[in-house]
Structures are given as structure tokens and as C-alpha cells.
Amino acid sequence: MESQEPKATGSTLTPSMYSNRVMLKTILESSDGEIGLLGKTVVVGGWVKSSKVVKNQPVPLPPEAADASPASPERKGLTCLEILESRIPCFRTIIRILCGPGSSPSVREKLESLIPKPSPSSTLFLLINDGSCISTLQVGIDSTKAPMSACQILPTGTCILAEGVLQKSLANGKQTIELKAEKILHVGTVEQDKYPLSRKRLPLDSLRDYPHIRPRTTTVSSVTRIRSTLDFATHTFFRNHGFLHVQMPIITTTDAEGFSEKFQVTTLLGNTSKKEEPIGVSDADSVSLETVKAAIKEKSSVVEQLKRSNSNKEALAVALQDLRKTNELARQIEAREKSKPATAVKPNLVNFNEDFFGCQSYLTVSGRLHLESYACAIGHVYSFGPRFRADKTVSPRHVAEMWTLEVEMAFSQLEEAMKCAEDYFKFLCRWILDNCSEDMKFVSRRIDKTITHRLEYMTTSSYDKISYREAVEILRKVPDKAFEAQLQWGVPLTAEHLSYLADDHYKRPVIVYDYPKAVKPFYARLNDDGTTVAAFEMVVPKIGTVITGSQNEERFDMLSTRIKEFDLSRDQYEWYLDLRRHGTVKHSGFSLRFDLMVLLTTGLTDIRDAIPFPRSFGKANN
């Protein structure tokens, strides 16, 4: 799997195969240095990050060129306008001689008006970036060659496509090379008053309101390139180890874990009878929470303005009362949302036999069950795609839609799954360090100064493996540490517990295995003790659980019992039981939450900043 990215080889610049322009990365990160590219004519495109205007100094005609004939070689390189402007002092001298000392001022003024005035020429300097790298390229455009006024080209966010010659930068700064534009092939203007990035650097939480625009920021574009590199590294690792990539369905009729909150898929929502709606719907039932929150923000702004003006106390009192009512309405809506049932459509109101699929169906929580069917036929397989959880928890580590890498391996047990997970994780860390050096320098400087050192350490260190029972014993012995959740055997380890193990106790990734059977999915293989299952979690400092995995139950009777214990519909899992009826085999696998891996390698703290278009409770912008 080789990259088809254009490259600068020697002093040759190869344009993109599909856009006839040279990506800035091939210029600014050239293997033989930027100086070897001087004098090359290229077409570049990008969006303006910053700009300035510098007035040009008049170009005097060289003395030797003044004595030369109009067709002489010395005049080559000078435009007609430059030659004409250089003759203006000569024209003024002739006028003074012709008019004489006693001539009328009005006559002199009329003659002076016939002399051409120098044009107010200037150079527009634009720093542009096309998203292929961190660095920007300075483009110099003579105002006389610009297809429109400078005020339309200079604003941040303007799109420029220009052809010109690469030359050594005249400015003393980071730029060693710049483009002197000869032709402007395209200008995409912006509406400055509406463009969100016209202001100075916005914080990441503010940028979440503009997911369609934020890729133009340096931080988000850098995170996107790191994410893309992790994607490529994932396929590279599994391809190198003989795995086949198999696409799993997003829509399913089964609960892949047995206790997860699912999004229901139906086409019957609009067919439910309106007469079943309760009579006397209140404002809280007819207005969305987002609308009310926007109103609160607006009304709060009005109150603040009235407080500052201190001129109309009656208006302030009315505004405060209005704000209190709106806040109360928001509380009612939030209470209504919390009391809603988990499914969008009440089963007793809908005949699912009439639904699109003829039965209840959901967005998948995990593809591992389906992936098993391919592992039990062709060996080692993996899948990579979005997974969905209708969990209303608001957390910097969770959103409703998350991309997940899932692996299943036939003839493999728990130890092999843990080994594969560790090797894959280390491979990703090393790949980022080796292939994203410029972006890693940027995130180290802008987001987390320790990120490179941390990735290096996780690549080279060995990971401790402890059982759930050992983890509980360690946590019980922690002095002067009161965990919020009461710690006892048989309950899930919370994020706080796991964070202590990885961040404070071991200070590196740790793998916890052999969990109580009640806290892991029904398909995890029951251990000989009858109380724990062959399941594991890889916990990473500052992030928490990144990988979960298990050896899956290959025994028909045991799996049937587990399905019954979880009170699941056996009919929905008959196809899954078939894998045990017909040629069963020991097999294991794991899942990596890809978005958390992006969080880890970039140093970000909120997963919504690591996902292009995040979907979380109450938030789906576009």
C-alpha cells in the first residue's frame, strides 16, 4: 500500500495528478531543500491565513538604459509604464523651459496636468496554506496583476490559485522561499462579517460550532493529518500480518454485548397516530432544548447590556423576569428528556412486522459478532468503521458515534489476543513518530509538550499484565485515596480506578484481564473458576481504556447458558449459535476505540476535537 502523494525529487516538482497544482508540502518539505527549487514555475492553491500590503518604490531608469535606443537590449525587462514614469522629471523640465519664468501659473498647471501621474502600485503578500502540511507559503502579487481589488483578496479565508516563479524570500523570517505570482487563476472571496475565522484564534470548544470550517485552522488540520496517518498505519499493520479487511454492517438486529443502549432504526416513526399524543401539550413539550438555550444566551446578553447602561430599571426588571421564565422552561425540558424512554418509538404503538426490515433493528454497537463468522472461515480478519451507543453521558471521552477497529482471530486464545493488541498499539505509536514529525512538533508546541516523549516511552516499555483480582487488591491498599465509587469485587472498575493504575501506580500502559462475568459481554469465554471470563482491557495513562478484548466462548452449551443469563432473545442469536454447532473453534479478538487513539497521539483532552463531525447527546450540527 504505497502513497501516491506528489513529491519533489531533486529539483523537479510534480503536480498533483488530479488538480494540476503543486501541493505546498512538496515545496516546503522538499527532500533536497527549498533552495534547489528556486526559479521553478509552479501553480499553487490554498486559503489565506494572513496578509499585508507593501507599497512599491518607483523604479528609476538606469543611466545606461536612458541613452540606449528603444529597441536596445538594456531596455529589456522594463515595462512601458516603468519607462514612462521614469521620464516624468524630464517632462517637467521641458515645461519649465517652454513656459519661462514669467508664464501664467494657470498655463503651467494645464501643462502639468498633461503629464501622466505615477500609478499607486503595491504588492500584496499572502500567507497561504492548502492543508497538506503545517507550513505556509508566501505569495507576492503585484496589485496591477490582481484581477480584483486588494480588499477582496487580502481577507483571511480567501481562496487563491496562482501561477508564478519560486524565488528566495526577501523578508527576514521563517520563510526562505516565496512565490512571485505572474497569473491569478482563481479567487474565492469570503464574507468577512460572517466568516468565523476572521477573528483571532478561537478556542477549540468554540470551533465545535463550525465543524465545516474548522479544518482550515492549523490545529484541526494537523489533527486530521495525524488521524489519517493512524488510519493508514492500521491497514498497514494488519496487512503485514496476513489479516483480511472485512466490512461489517451498521444496521443489526442483535445486541452485540447484551447490555448496551442502542439506537433504533425504523421507518414507522411518522406513521404513529397523532391521536395518541397527550392532550394539552405544554411549552416544554413543543420547544427544543437547543432553541431555549439559544434564547437564554440572547436574553442574558440583553440583561448585561441593560445593567451596564444603568438607565432603564423597569426594562431591566422585565428582562430579568423573562430570563428566569426561560431558565425554568429549560429545566422542564431537561427533566422531560431524562424521563423519556430509551427507544424513540414505543413498541406497544408500533407493529414492527410492518417496518422496513420486518423486525426491530438497531445501529450496531460492535461488529465483533458478525466478524466472528468470517474469522471462523478464513482465519484472521479485521473491520474498521463507526459504532453507535445511545448513551446520554456527557464526557470528554465519549460521543454517540465512534470509529472502532475490531479484530477476530481463529485458533487464538486470550494470550494471543493481548499480544496482538499490544503489538498493534506500539506499532501505531511508532508509526506516528516516524511519519508525522512536523505535525508532532506542532502539537508538542501548541497542545502538549510531553506528547512525543510519552509516545516514545509507550513504544519501548513493557506492559504489566494483572488480573482483575490483583487490580482490586492494589486499589484497596492505596493510602490517602478516597475513590468516588465504592470498590468491591464483582463491580466494574471505574475510569477513576483505571486511571490510578495506569497514571499513578504503573505509570505506563497496563493490561487488566479475567474480569467478573457479570461486567463483560455474554460471548466472553467463561474461565474454569466459573466466576470470571477471559476478557481484558488495555489502560493507557491520561486516556483510560483504549482497547477491550476477549477470548470468545466456543462451547455451544456454555454460550446458550450465557444468552439465557443475560435474558436475551435466543431467536435473534440462532445464527451466532450456528458457529458453535458447525465446526466450532477457539477464537479471540479485541476492539480499539480509534478516536481515543487520536486523542492520545495529539494530546487533546476532548474527543469532540479529534472527530471531524462529532455526534453527542443533544448535538448534531450538520
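The model is predicted: local features need pLDDT of at least 70, side-chain atom pairs count only at pLDDT 80 or more, and totals for chains, interfaces and linings use all residues. Residues are numbered from 1 along each chain as its sequence is written, and side-chain values use heavy atoms, with hydrogens and water left out.

The average pLDDT (the predictor's confidence in each residue, from 0 to 100) is 84. A score of at least 70 is reached by 81% of the residues. Over residues 68-76, pLDDT stays under 50. That segment has 10 contacts (heavy atoms within 4.5 Å) beyond four places in sequence. Residues 273-282 also stay under 50, with two contacts beyond four places in sequence. Where pLDDT is low, the predicted coordinates should not be read in detail.

A nonpolar core is a set of buried Ala, Val, Leu, Ile, Met, Phe, Trp, Tyr and Cys residues joined through side-chain atoms within 4.5 Å. Buried means under 20% relative accessible area, exposed over 50%, and partly exposed in between (1.4 Å probe, protein chains only). The largest core has 54 residues. Phe-238, Phe-425 and Phe-590 touch the most other members. Helix H13 (residues 414-435) gives the most to this core, 11 residues. Helices (H or I, at least four residues) and strands (E, at least two) are DSSP runs, numbered from the N terminus. A second, separate core has 27 residues, including Val-44, Ala-146, Ala-181 and Ile-184.

There are 30 salt bridges (a side-chain nitrogen of Lys or Arg within 4 Å of a carboxyl oxygen of Asp or Glu) in the structure. One joins Asp-130 to Arg-21 at 3.1 Å, N to O. Asp-130 lies between strands E4 and E5 and Arg-21 between strand E2 and helix H1, so the pair ties together parts 109 residues apart in sequence. Asp-130 counts as buried because its relative accessibility is 11%. Asp-448 pairs with Arg-454, also at 3.1 Å. Asp-448 is buried at 11%, and Arg-454 is buried at 14%. Arg-525 and Glu-554 form another bridge at 2.9 Å. Both are buried. Salt bridges that share partners join Arg-208, Arg-214, Asp-606, Arg-608 and Asp-609 into one network.

Lys-262 sits in the loop between strand E9 (251-252) and strand E10 (264-265). Lys-262 is partly exposed, because its relative accessibility is 22%. Not counting residues up to four places away in sequence, Lys-262 touches Asp-255, Tyr-362, Val-365 and Ala-390. Asp-391 is 129 residues from Lys-262 in sequence, yet 8.1 Å away in space, C-alpha to C-alpha.
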